[in-house]
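Me: I want to check the labels on this model. Please set each value against its cut-off.

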Amino acid sequence: MSTSLRKIEFYGIYFYNKESEYEDTDNLIRLIESFDKKFIFDDAKSNKFWRLDSVNRDNDLFYLIFKSGKYNHSPNYISRLDGIERVSDKNLDEGECEKTHVVINVKESTLIIEFRRSGVSSAAFVRYVNKFITEKNIQMDKIKVVKELKKDFLNNLNSLKTIKNIELYVKKEIMGSEYMNLIEPTESTQEEVIVTVKAERKKTLAIENIKKIFNKIGTNGQLTKRIRVKGRDSDNIDVLLDSLNQTKFEQIYVELDEKGVVDSTSYFEKVTEII
């Protein structure tokens, strides 16, 4: 068999409502186990549909395969050998079948999805799930995913379109300062506290100030030990940056079958190895 290099991306899965967003392992399991393979998401704007083809569980890991296709598109075939064209026999309600592999770690509320421009994206996965919750009247909140970018904190910070809030993990000594005298530090107080700074509605936080704080982490006397930034990228996808978490994605070599399609067993084995 030949092999192909595939990129996989990592996202956190959160349930949300008007008051909060939260992780919930039990609800996530219940949701996945309720999925109906007959349910199809049809996006008329893009002439694309996608559906769940299979789901299997191994302890805390769920292995899912989605299949998708683009319809209302049936151009002629053309040969790479002589350039001769022939009429396609594909019906307009059919699409070329694209597989997208998904692994969900319910213990960590993590979505691990194969990056395929012609397949099912993380945003498409969310649309599928939330429409399923609504149409099947599942009694739970809808979900959102947060991209966990970890490769290069400053480069990823520069790629954000908006910054909604930051969490500063600071030494507990700050709690005794004049401007934040909320509690009296004791021996039982944890070593660090979290200070959250939120942007005003429809505004963004100043990126240059975040860079200054990040560049001082680790220097002598610096109170801030870690930064977590929540924002949105140019695709309007929620992004979570963590100064201690620096792997944006993984790449794996997977086996292809005789038609050049990814062998699912090979894919899931390789992903499981790196989780």
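**Salt bridges and burial**

Reply: The side chains of Glu 9 and Lys 7 meet in a salt bridge, at 3.7 Å from N to O. This is a predicted model: local features need pLDDT of at least 70, side-chain atom pairs count only at pLDDT 80 or more, and totals for chains, interfaces and linings use all residues. Residues are numbered from 1 along each chain as its sequence is written, and side-chain values use heavy atoms, with hydrogens and water left out.

Me: What makes Glu 9 and Lys 7 a salt bridge?

Reply: The term requires a side-chain nitrogen of Lys or Arg within 4 Å of a carboxyl oxygen of Asp or Glu. The N to O distance for Glu 9 and Lys 7 is 3.7 Å, so the pair qualifies.

Me: Why is Glu 9 called buried?

Reply: Buried means under 20% relative accessible area, exposed over 50%, partly exposed in between (1.4 Å probe, protein chains only). Glu 9 has 11%, so it counts as buried. Lys 7 has 22%, so it counts as partly exposed.

Me: How do you know that Lys 136 and Asp 36 form a salt bridge?

Reply: Their side chains meet at 3.9 Å, N to O, so they pass the cut-off. The two residues are 100 residues apart, in distant parts of the chain. Lys 136 is partly exposed at 41%. Asp 36 is partly exposed at 26%.

Me: What about Asp 242 and Arg 226: are they buried or exposed?

Reply: Both are buried. Their side chains meet in a salt bridge at 2.5 Å, N to O.

Notes. Helices (H or I, at least four residues) and strands (E, at least two) are DSSP runs, numbered from the N terminus.
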